[in-house]
Amino acid sequence: MGTVESTGQTRLGVLVSGRGSNLQALIDAVADGRLDGRIAVVISNVAGVFALERAERAGIPTAVVDHRGWSSRDDFDRAVVAELQKHRVSLVCLAGFMRRLGKPVLQAFPDAVLNIHPSLLPSFPGLHPQRQALDHGNKLSGVTVHLVTDELDAGPILVQRPVPVLDDDTEDSLAARILAEEHVAYPEAVRMMLTGNWRIDGRRFVRG
Ligand code: GRF
């Protein structure tokens, strides 16, 4: 069984760095009852981003934890954990969060940190996955929602949704096609987590 508390109104913490369209997909899913949880806090490592405005509009508490000025990456991680704990979060969703998180976060939230990545992992981890797919000449790309581990973009996969790569695609047109699927995939993955009816078997996220 998953460790995320699953009895209604699980408190989610969403970490963002920018536009926040995946955050919006989660806000909408909570608002229309597709997700039996609540977003307890939205944390950004960058001030003034549109994601924070989306959260404020939805009445969700926000915090900015600037990644600069800490003497180590772990110190930044610990500040993020403190903010999440302050809001009694039990499931963390990275939604366009552009920093890598390490041990302090993963130890505080074991098997409870999700990430969304715009490629069909394990293809094209890291930066600019849409450009990597185009450069490689892939005919298919898509989105992956996975649990975060200490290996970059490599944890157990909950949901993948494919999209075609078209001959005349640009990085932007492919990114837009993937993004539409991201907005379906992320609420679906969070919903799976919230059932509590899952386990990790090696690399695999197994339901039931
Ligand atoms: C998305 O493509 C997400 O998969 C990636 O960064 C982008 C963030 O977009 N990790 P948004 O901020 O959710 O609109």
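By class, the ligand shell comprises two nonpolar, four polar and two charged residues, where Ala, Val, Leu, Ile, Met, Phe, Trp, Tyr, Cys and Pro count as nonpolar, Asp, Glu, Lys and Arg as charged, and the others, Gly among them, as polar. The structure is a predicted model, in which local features need pLDDT of at least 70, side-chain atom pairs count only at pLDDT 80 or more, and totals for chains, interfaces and linings use all residues. Residues are numbered from 1 along each chain as its sequence is written, and side-chain values use heavy atoms, with hydrogens and water left out.

The shell consists of R19, G20, S21, N22, G96, I116, P118 and E182, each with a heavy atom within 4 Å of the ligand. Polar contacts are pairs of N or O atoms within 3.5 Å. The side chain of E182 places an N or O atom 2.7 Å from a ligand oxygen. A polar backbone atom of G20 is 2.8 Å from an oxygen atom of the ligand, and a ligand nitrogen lies 3.2 Å from a backbone N or O atom of I116. The protein buries 85% of the 370 Å² that the ligand exposes when taken alone (Shrake-Rupley method, 1.4 Å probe).

The domain assignment, automatic or from a database, gives domain 1 (7–110) and domain 2 (116–208). Their centres, taken over C-alpha atoms, are separated by 19 Å. The contact between them (heavy atoms within 4.5 Å) takes 19 residues from domain 1 and 16 residues from domain 2. Each domain supplies at least three residues to the shell around the ligand.

How values were computed. A polar contact is a pair of N or O atoms within 3.5 Å; within protein, one must be able to donate a hydrogen and the other to accept it, and residues adjacent in sequence count only if both atoms are side-chain atoms.
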